[in-house]
Amino acid sequence: MAKRKKQRNRQKAPTFDYVDPDGNMLTLRQSLSTATIAKIGEPPTGDAASLEDAWRRRSEALFERLAVRWEIAGAPIERQRELLERFRVASPAERAWVREALREHCAENFPDVQAP
């Protein structure tokens with residue numbers, strides 16, 4: 001007889017939407033565990049090629065943990081893997097806007113997290 005996992009009624013974390021000048025919407029979660037906040041705050045390890053590379057990695061980590069949904073030109077992206085892939089191929093203008101949204105979001109919700 002196969003074991004069944006107990007399903008928990010998980011409450012979804014509250015989110016906040018950021019809209020860019022083109023009407024695209026990025027939805028970010030408003031809560032993170034203390035362990036996640038500590039992980040994001042850790043300095044880069046290993047052979048970070050440069051300070052720029054370290055900031056890029058930090059941006060990706062922060063985006064990955066906060067992004068819940070990103071609607072671009074009316075097409076929503078909701079799967080975590082797809083969100084991160086889309087962020088990685090974003091145009092310089094899109095990346096700049098996302099970084100600004102992350103900075104604003106962290107300042108408001110996670111003052112101990114320094115967003116790149």
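In what order do the strands of the open sheet lie?

**Figure 1. The open sheet of the predicted model.** The sheet has 4 strands in the order E1-E2-E3-E4, and their pairing is antiparallel. Its edge strands are E1 and E4 (75–77), each of which pairs on one side only. Direction ignored, neighbouring strands of this sheet are turned by 15° against each other on average. In the chain as a whole there are 4 helices and 4 strands, which follow the pattern β-β-α-α-β-β-α-α along the sequence. Of the chain's 116 residues, 31% count as buried.

**Figure 2. The hairpin of E1 and E2.** Strand E1 covers residues 15–19 and strand E2 covers residues 25–29. The two strands pair in the antiparallel sense over 5 bridges. In one of these strands, E2, Arg29 is the bridge partner of Thr15. Between E1 and E2 lie 5 residues. Gly23 is in the turn, with a positive phi of about 90°.

**Figure 3. Strand E3 and its pairing with E2 and E4.** Strand E3 spans residues 67–72. Towards E2, strand E3 is joined by 4 bridges, and the two run antiparallel. Here Thr27 stands opposite Arg69 in E3. Towards E4, strand E3 is joined by 3 bridges, again with an antiparallel run. Ile72 stands opposite Ala75, which belongs to E4. In a regular strand, side chains alternate between the two faces of the sheet.

**Figure 4. The aromatic cluster of Phe63, Trp70 and Phe87.** The structure holds 3 aromatic pairs. One of them is formed by Phe63 and Trp70, with 5.8 Å centre to centre and 65° between the planes, an edge-to-face arrangement. Phe63 has 0% relative accessibility and therefore counts as buried. Trp70 also counts as buried, because its relative accessibility is 1%. The rings of Phe63 and Phe87 have centres 4.4 Å apart and planes at 10°, so this pair is stacked. The cut-off for stacking is planes under 30 degrees apart. Ring pairs link Phe63, Trp70 and Phe87 into the cluster.

**Figure 5. Arginine charges over the rings of Trp70 and Phe87.** The charged end of Arg86 sits over the ring of Trp70, at 5.3 Å from the ring centre. Over the ring of Phe87 sits the charged end of Arg95, at 4.5 Å from that ring's centre. Trp70 and Phe87 are also members of the cluster linked by ring pairs.

**Figure 6. The crossing of helices H2 and H4.** Two packed helices are described by the angle between their axes and the distance between the axes. Helix H4 covers residues 92–109. The axes of H2 and H4 come within 11 Å and cross at roughly 65°. Angles of 65 to 115 degrees count as roughly perpendicular, and H2 and H4 are therefore roughly perpendicular to each other. Their crossing is left-handed.

Methods. Residues are numbered from 1 along each chain as its sequence is written. This is a predicted model: local features need pLDDT of at least 70, side-chain atom pairs count only at pLDDT 80 or more; totals for chains, interfaces and linings use all residues. Side-chain values use heavy atoms; hydrogens and water are left out. Rings of Phe, Tyr and Trp (its six-membered ring) pair if their centres lie within 6.5 Å; planes under 30 degrees apart count as stacked, over 60 as edge-to-face and the rest as tilted. Buried means under 20% relative accessible area, exposed over 50%, partly exposed in between (1.4 Å probe, protein chains only). A charge sits over a ring if NZ of Lys or CZ of Arg is within 6 Å of the ring centre and within 35 degrees of the ring normal. Two strands pair if DSSP finds at least two bridges between them. Axes are lines fitted to C-alpha atoms, for helices over the stretch in contact, and angles run from 0 to 180 degrees between N-to-C directions. Angles under 35 degrees count as roughly parallel, over 145 as roughly antiparallel, 65 to 115 as roughly perpendicular and the rest as oblique. A crossing is left-handed if the near helix is turned anticlockwise from the far one by less than a right angle, and right-handed if clockwise.
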